[in-house]
Every structure is written in C-alpha cells, then in structure tokens.
Amino acid sequence: MDEQRQLMIEDLGSVLEGELLVDPLSTALYASDASLYHVPPLAVARPRTRDDVVAIVSYAAEVDLGVFARGAGSGVAGGCLGPGIVVDFSRYLHRILSVDDSTVTVEPGVVLDELNRFLRPLGRYFPPDPSNGPVTTIGGMLAVDAAGSRSVRVGSTRDHVQRLELVIGDGSVIEAGSEALVSRGSGGPADLTDPHQRLCDNLERILRENDELIRERQPALPRNCSGYHLRGVLAGDRLELARMLVGSEGTLGLFTRATLHTSPLPEHRGIALLLFGTLEEATRCVQAISTLQPSACDLMDRRVLSLGRESDPRFSSMIPAGSEAALIVEQVGISERETRERIARVISAARATAQSTRVAFEAYEFDDVEFLWSLPRRIVPMLTRLKGASRPLPFVEDIAVPPEQLHEFLTAAQRVFQAHEVTASLYAHAAAGQLHFRPFLPAPDIDSGARLEELAASLYEEVFRFGGTISGEHGDGLSRTPFLKKQYGPLCRVFQFVKDLFDPQGNLNPGKIVPTAGESSPLEFRAAHRSGPTADSTQPALTPTPGPSGPSGPSGPSGPSDLDLVSLGCSWTAEEFSEAASDCNGCAACRTISPQQRMCPFFRIDHSEHASPRAKANAIRSVFGPLGSDALVSDELRQLASLCFNCKQCQLECPGHVDVPQMMVEAKAAQATVDGMTRGDRTAAGVHDLVALGGLMPRVTNWLLDQPPARWLIEKLLGIHRDRRLPALARRSFLRSLPRRWSFRPRPGARPKPVVYFVDHFANYHDPELATALVRILEHNDVPVYVPRDQYPSGMALITAGDLDNARRLAEWNLRELGELAREGHRIVCSEPSAVVCLQQEYPRLVDHPDAAAVAEQVVEAGTFLAELHQQGRLSLDFEELDLSAGYHTPCHLKALGTASSLRELLGLIPGLRVSTIEAGCSGMAGAWGIARDNFETSIEIGSPLISRMQQGDLEIGTTECSGCRLQMQQDSSTPTLHPLKLMALAYGLIPEIADRLPDPKGSPRRRSNRELVIS
Ligand SMILES: Cc1cc2nc3c(=O)[nH]c(=O)nc-3n(C[C@H](O)[C@H](O)[C@H](O)COP(=O)(O)OP(=O)(O)OC[C@H]3O[C@@H](n4cnc5c(N)ncnc54)[C@H](O)[C@@H]3O)c2cc1C
Ligand code: SF4
Ligand code: SF4
C-alpha cells in the first residue's frame, strides 16, 4: 500500500463508523459507472452517518483531495467518477427517516422505487420518474435533477424538494430550503457571523449582480440541468436555495438528508402506442398532441422499436417489423371516462396530422399501462446489447431543445450525423424536447476520443443555434463540462463565483460543471477488451485450457502446475473472456432489489457494490486491464467470486445478457488451481462423492444423519452445517434398482422414438420415487423411455464451485453415454432443471467434445416436454381429483432456461388442485451450496422470504422442480414440498403411495428432523 493510502487509513479510516476501502480491487470497482469513462479513485468511503461525511469532507479539505459523491453509479456522464475519495451513499445511508401527510424525509442512498413502494400504501408517491427507478438513488436524482417521461406534467426532482441537508467544502453542515431574504427585511436582522446566513447573503448578491446575464444565457427550457440552476432562484423576497442546489452534481455540497414533497397517486391513467410511417410524421404529431397536455409523449425511432420487438413477444405482435417511428402518449384524468376521452382526442389529433397513424395499443388498467411503459424502460439499456464493431454510445445522449423546434432540430441533427458518417438511435421525451441520441461507434479508446469530441462539438453547435441545452436530465459530468463554456459563455464566471461560495478550495467533485484550473489530462475510457497476455509482460498470462486431447490427456487437463500461468478452465479464449467482461456497460440495472425481478440474491441481502453482478464483471475487466491477471487469484477476487453461486439470474435479466456467472466460474476455477477451493465450495463440490459413499450403507447413514452428535461431527469433518435438513438416502439408488425394461438401449430407427431420461444426482440417490414418477408419466402417455444405466450426475455443483477438472470428467463421461443418442435424435429429458442448464449451457463451454452441441440441442426439461405433448393433444388428462392447495416456487435454473414454468401450468389441469405461485425470489440453496457450514447462514438469509412463506400455514403443500429449493422450502416448515411430477403421478393414479407424503387430513404435525424424510 502506498504511503498516501496508509496515512488515509490511519487518519480517516480510524474515525469513520463506516468503511474506508483502499485495496486495488475496491478502487477498480468504483472506477466506472454507466458512462464511457474510467477513473480509478484513491479510496472509497462508505459512510454510516452524517458525521462520517463531515469527517471525509474535512479530511479531504485538509489534505487537498477531491471528494466524489456516488449513489448507484448509474450516471451516464461520469458524474461520480474522480481520482480522490469516492463516497458511496448507497451502502449504508438509505433510511427513510420520517413521513407525514405531504412530505417524506430520507437519507440520500434511498432508491427511488423503494421510496415509492414505502409511500404507495399511504396513497402517495414521489413523482419524478427516471426510467431507472429500480436502482437510482435520491441523492443521485437530486444531484442531476433527474426526470423522466412524465416531466411535462410532474416536472423534475427540483420541483419536489422542500429541504436539503448538505456538507459543504469546508466540512460544515448547512440546511437549505426556501430562504427568506434578509436584504428584503423578511428574515430579521442579518447575522453575518452565521455561515448559512453569510452564504445566502453572498449568493443573493451574486445573483442580483448577474441577473441580466442569467436571464440572457440560461434559457427557460422545460428541461435543462446543465451548469448551475440560477434562473428564478431569486424569487420575490425569497432565495430558493434548495432548488438551486438540485442539479449541482455534488460540486457544491454532499447531500446527507432531504425532505421531499410527495403527491397523491394518480387516479386514472390511459395510454396509447401510435405507430407512424416516418419519423417526420411522428415528430409533427408531437406538436399537435402537446397542445392536449399529455402527461407524457415519448418518441422512438426505428432502431429502438426493433429492439422493443425483440424484448417481448407481446411487443413483436403489436409492432410490425419495419415500423419507422412510434409515440407513447399518456393522459391522466379524474375518471376513466375522462381519461378515455383525452386519449381519443390524442388519437384524432394524430390522425389529422399524419395519415399513416396506426393505434397499436391502448390501455386504461394499471398493469396494462405499466406494461407499455416497460417498452422504453427495457429498450434503453437493451441498446447496449447490440454487438458488433459499432455500438450505441452515450456521450451526446442528453440534449434538450425547445419542444416547438423539435422537428427542425432533428433534421439539423441528422445532417450532422451524416456529415460524420454515423447513424444514431433516438429515444425522446418529445413533449419536453428531451432527446436521447446514441451514435453507433466503435468502443472508444485513447485514439478515438477526438472523434467523439468532434461529433459532440458539431452537434452541440446546432443545439446552441436552436437555443437548447447539452444536458436536460443526466448532468454535465465528465462528458459535457468541457462544452459548458460554449453553452454559457460569460455565465461560466458566475458558476465559478457560486462554486467558490460553497467550495472555495474546489475539492467537491472537481472537474464537473466548473472545469479545474490548468491543463487537464485526456479522459481515459473504459478499456475496450484486450486479448491474450496483458500488456505488461511481467504479468502472468491467461491461456485457454488445452482440450481433452491436449497435454493432460483424455481425462481433461488439470492446468499447468507452473503458477506463473493461470489456465482458463472453460473452453473460451482469453479474448472471449475479456470481451464478456467488456459487454457490461455499467448501467447498474443489476443493483435492483425489486420484488418483480430475481436479480442477484447476494446484492439483495448485502447492498454493497461488491455483491452486484456489475462489480463481478468490472473485476474481470480490471484483470485484463490495470490490475493484471495476478488479481484473478487474489484474496479480494476470491472473496468477490464467493458472492456468486451461478444462479444465472443476472445473465437472464441483465439488458446486455452479460455472462457474469461464467466469469465467476472461471475465476473460481483459476483460484482453485492456484490455492484450492474455499471450504464452502469444497463441501458443496464433494457432496456427490459423500452421497455415493453413504449410499453403500444407506440405513446407517440415515440413522447417523438423525443423531445430533453425529451431525456435530459431520459438520466438523465434512463442513456440512448441522442445522441443514438433509435428504435421506434411498435404500437403493434409482439406477441400481432400474427395471430391465427401462434400460434397453433403443434400436436405431425405433418408432416411436424413446426419450432418454437423464436422472442426475438427487432423483438417483435420494428420490427414486421422483425418477419413477417421470418414467411412469411418460409411459402413461405412450412415450417409451430409455434410462442409460451408466450415466453420472451432471456435475453442476462442481462447476459452481470451480472444480472444473472433475466436472469435465463427468461431462465427458455423460457425453459418451448421451452423444450418440442425441445424434440419433432422441430427446433427453431431465426432471432437475439444473441438469438441463448443465447439459445445455455448461457442457458446451466446459469440454471441446463433438457431441456437446448435439446433447445441448436435444436436452429438455420434463415440464417443457410434457407441455409439448399437451399442445399436440397427446397428453392424457385422466387425472383424479387432488383436493389440495399448493404453493409453487419457480427455481432460478428453470428461469435461466428461458422457458415458462410448464409443470406449474400442467398442475392446473388436475381437478381440485389449487396452485398459487410464490413470489419470494431465489431459494438461496444453489444446489448443494447451501448445505455447507460456511454458506448456511447466507443461504438461509437469501431464502428467508421463501422459508417464511412456507411457514405461513395456509398452504397444504409446496411444490417445485428443483431439489435444492425443495430442501430450503422444508428447512423450517413442516409443510411437505414435492416435485410437481409426483403430484401428476399421484393424480394419474400411477404411484398411490405418494399420498403418504401429503399432509395428514387431520392436520397432525409431521415429525421434525434435521434430515428430510423423502423416500427410502
Ligand atoms: C439505463 C439508464 C436509464 C436512465 N434513465 C434516466 C432517466 O430517465 N432520467 C434521468 O434523469 N436520468 C436517467 N439516467 C441517468 C442516471 O441514472 C440518473 O441521472 C440517476 O438519477 C443517477 O443516480 P445515481 O444514484 O446512479 O447517481 P450516481 O450516478 O452515483 O451519481 C450521479 C451524480 O450525483 C452525484 N451524487 C450522488 N449522490 C450524491 C449525494 N448524496 N450528494 C451530492 N451529490 C451526489 C454524483 O456525484 C454524480 O454527480 C439513466 C441511466 C441509465 C443507465
Ligand atoms: S452486468 Fe448487466 S445489468 Fe449489470 S451493470 Fe453490467 S450491463 Fe448493466
Ligand atoms: S449468477 Fe446469480 S449469484 Fe452470481 S452474480 Fe449472477 S445473480 Fe448473482
């Protein structure tokens, strides 16, 4: 550690209640946000109290360091980046402090959607609506005056602020609201020894002296957050100090508390999606519609619409391919009738203006309205999914022009793009004149910076010509501060005066809004991916693993013993590994804890940047950049990788589908090669072998598992937590007791073609009844089944733990068993969703085997297979009644397959069975991960919503496809949880004994044991 950081730890770290992080990985994680830039800070502070913030700012003033406030880090202009101390408000300062009829007081780290979830039962909400409400913090919104589609009606953040508390440059704390002007005699005698009074007095003087200049140079636009907001701050006998501070981007003070006005929830909303033959027609309609005072009127171009079609089949059916432009128009009213009338007027106005107008969707119900809004909310981040040499880059993404000039400005902007030979996507809050352009350009590097600057300069010339602004709602940050002089001319001097009042030393977010004095070095961009060895030849190289025929022989390579060489465990090149990390654009969507999403279970329980999928991608990006490949096996990255158990929900829900789980598997594999696995991973990975061993004496094993002293010993020796309820071992495994008729290999060309059952670990060793249920259900529906006797478990637990050598051995074995069958066209059916994920997604990148693709192609989850039969009218519906209420949990790995929960749907065919879906997120088990002593507490914490749901007592049974989830659902509940296939088999009358597993009709409690009684 360098001397400066060491001193900082001693002088600052020791006085903070929160944390001060100076390690290379932590600083790398805070070197980027959702912008194009990369600026590593010296340190990261995570304050717990206002006093912490005071201490940080005072320290920075003392040693002359920059202080950079940060919320979710979702800003697209690099506003929170800087080389000094980054202050992360999102980690601890996120409490809602008080609420009354019309206001709420919060700490700055509160997330917008969390606040609105809190306010909703009170019939209130905080109206500003940036599209990334699930992640953006109130502090970040205040700092950039965030706004969204409805700004024409509800305004921006500034319009809803009553009072702010902030720490200014010298470390003092001030309160800011609507202040009485002493000079106007309305606030009592001036006390210029009071810093707050002095500040107000000086600010008033500056504003008065420059009143004319402010009016002239700061246009009254509906959207403008560029520079300081000075216009209208002197209002009669009041100084609107809080309004002025909103939009100051952390350059005048760090907000530590805010009192916000809330509004009643809107009563009736209506929405319409209008499609047009040309962009020009759509923009002409905006003028006509604006006179009808819509609450929102957003414009989307052809590129954005085609992404929308991809995002959801419902959108692809309502938006024809080749649609050129669309408007989403929303109206509110005091009754549905009024709302309908207002939408009808919008449609008439559009039709009168543009003949090609087509109404693609119209809705008045809350869920339907929200569904349509999900179109732009999904698309903006999805833009980053576009692959290829050029990608839509955010650097001129925040232009706003007078709305009445929209059409003419778009024509001028088009000319600029043509002159620079680029195309750009366009999404606009059109009624407010707010335009989000993203030009398609190669990922920027040091050489292409000038090109971006030239394009921005040309486009901004047009913006100025039209009386617009270069930033409407995202802030100036790093990307726009250099252009402020052009926009505001002499007004920049006034900005400097204001800055000097609050932050005379210039330590608060230096380089933003007010440029720093002297030469500034060129900005560094987020590294474009780099292949092969790192630039520094003294760093160890990252190499792909040799294939199965490589030097390590047929059983798969164990990686070179030479520790100078970190071998890649998956079959991808270093370039692909690096590219996967670079696919992350930092949008922060993976920091959501919204109940509507499954996004990262680790981030949900620990709102730390380190737990987010973004951090994991950034860590790998840094391994290929400043940290060097040594860092892949560092303790810090090992710790970070331990916050991932390969549930794949981030990859599924990330707008760019960034493959964070595979990166973490690769990191764990490298760490395992160099230092061995973590204790928790060792336990999870070793479960297969332990169970196989225990299976030699199942009765003894089961008895032992029920004895507390034995469980204590097992925990000590094998790392399996003593309180984890474990599944009993079957007396004979399914494959050992396989009836002969199921184990005859089908003749080539057999008709009908038998399906192949891949059993996997749990059904084989613990629950042969499940395996039997599937086979009998298939036979009952005239589908012949073949169960290869020599199959092995899929190895998913090994992959998740990073034990890729052993996983590869299992994969190769299973591929030998299944490959030929797959090539012959046999479907491979699995009752365990993880097994499908493993065969379909993991094997092809684990082994370089000719049959991996064929197996991946043929493997199918049992529910999906049965649903296909049902669709073809081939599923027998001769179910007996089951009078039960069941709670269904969707496993993460089923979601990861991107298919519907087919078995949940099929259960709906069983008479009398009432199935409700439990929306409680990830179970926290991740296969065997949750049984390890080191993971148990975290597993329970992640799974607690699901566990609590099972304890509520209103469900007679739980049901889910995943064996790990079933264990968690039964962990602290006497309600039994069964695989849906068992319920089907019972309802078909195929295995009547399953009824024994259902609750006693008299409701007598089942015996509670720390091992689970499944089947023996
Ligand atoms: C996909 C996507 C969609 C977006 N949609 C919108 C949109 O519809 N409307 C919109 O306005 N913006 C939008 N943004 C931009 C951005 O997310 C918002 O401006 C957001 O409000 C920033 O909040 P944050 O918590 O991420 O702040 P950060 O990015 O962490 O910081 C933003 C600025 O706030 C400052 N700051 C943070 N906390 C404090 C504090 N406590 N005190 C003082 N200064 C502080 C930082 O220094 C920085 O200057 C979008 C961004 C993305 C990636
Ligand atoms: S991982 Fe995906 S969701 Fe998370 S920041 Fe990166 S691109 Fe956004
Ligand atoms: S795979 Fe799951 S645990 Fe890992 S980062 Fe993604 S969401 Fe989090």
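L693, L696, M697, V700, W703 and L704 make up a nonpolar surface patch with about 650 Å² of accessible area together. This is a predicted model, in which local features need pLDDT of at least 70 and side-chain atom pairs count only at pLDDT 80 or more, while totals for chains, interfaces and linings use all residues; side-chain values use heavy atoms, without hydrogens and water. Residues are numbered from 1 along each chain as its sequence is written, and chains are lettered from A and ligands numbered from 1 in the order in which they are written.

Patch members must have over 30% relative accessible area and no salt bridge; nonpolar side chains (Val, Leu, Ile, Met, Phe, Trp, Tyr) are joined within 5 Å, like charges within 9 Å. A salt bridge here is a side-chain nitrogen of Lys or Arg within 4 Å of a carboxyl oxygen of Asp or Glu. Areas come from the Shrake-Rupley method with a 1.4 Å probe, and for residues only the protein chains shown count as cover. Helix α27 (residues 698–705) gives the most to the patch, with 3 residues. Helices (H or I, at least four residues) and strands (E, at least two) are DSSP runs, numbered from the N terminus. V700 lies in α27. V700 counts as partly exposed because its relative accessibility is 43%. Buried means under 20% relative accessible area, exposed over 50%, and partly exposed in between (1.4 Å probe, protein chains only).

Now the ligands. A residue is near a molecule or strand if one of its heavy atoms lies within 4 Å of it. Ligand 3 has 13 residues around it, and C600, C644, C647, K648 and C650 come nearest. Helices α21 (601–605), α22 (613–623) and α25 (660–675) each supply at least two residues of this shell. The shell of ligand 3 divides into 10 nonpolar, 1 polar and 2 charged residues. Here Ala, Val, Leu, Ile, Met, Phe, Trp, Tyr, Cys and Pro count as nonpolar, Asp, Glu, Lys and Arg as charged, and the others, Gly among them, as polar.

Ligand 2 has its own surroundings, including C584, C587, C590, R614 and C654. Its shell holds 8 nonpolar, 2 polar and 1 charged residues.

H657 sits in the loop between α24 (649–653) and α25. H657 has a positive phi of about 50°, although it is not a glycine. H657 is partly exposed, with a relative accessible area of 36%.

Next come the strands. Two strands pair if DSSP finds at least two bridges between them. One open sheet has 4 strands in the order β27-β26-β28-β29, with parallel pairing. Its edge strands, β27 (785–786) and β29 (859–861), each pair on one side only. Strands β26 (residues 755–758) and β28 (residues 828–830) are joined by 3 bridges. Y757 has V829 as its bridge partner in β28.

The loop between β25 (726–727) and β26 contains P752. The peptide bond from R751 to P752 is cis, with omega near -10°. D760 lies in helix α29 (residues 760–765). Phi of D760 is near 70°, a positive value in a residue other than glycine. D760 is buried, at 11% relative accessible area.

Finally, strand β30 (residues 884–889). It is mostly covered, with 6 of its 6 residues buried. L884, A886 and Y888 point one way from β30, and S885, G887 and H889 the other way. β30 pairs in the parallel sense with β31 (residues 913–918) over 6 bridges. S885 stands opposite R914 in β31. β30 also pairs in the parallel sense with β32 (residues 957–959), over 3 bridges. There, A886 has I957 as its bridge partner.
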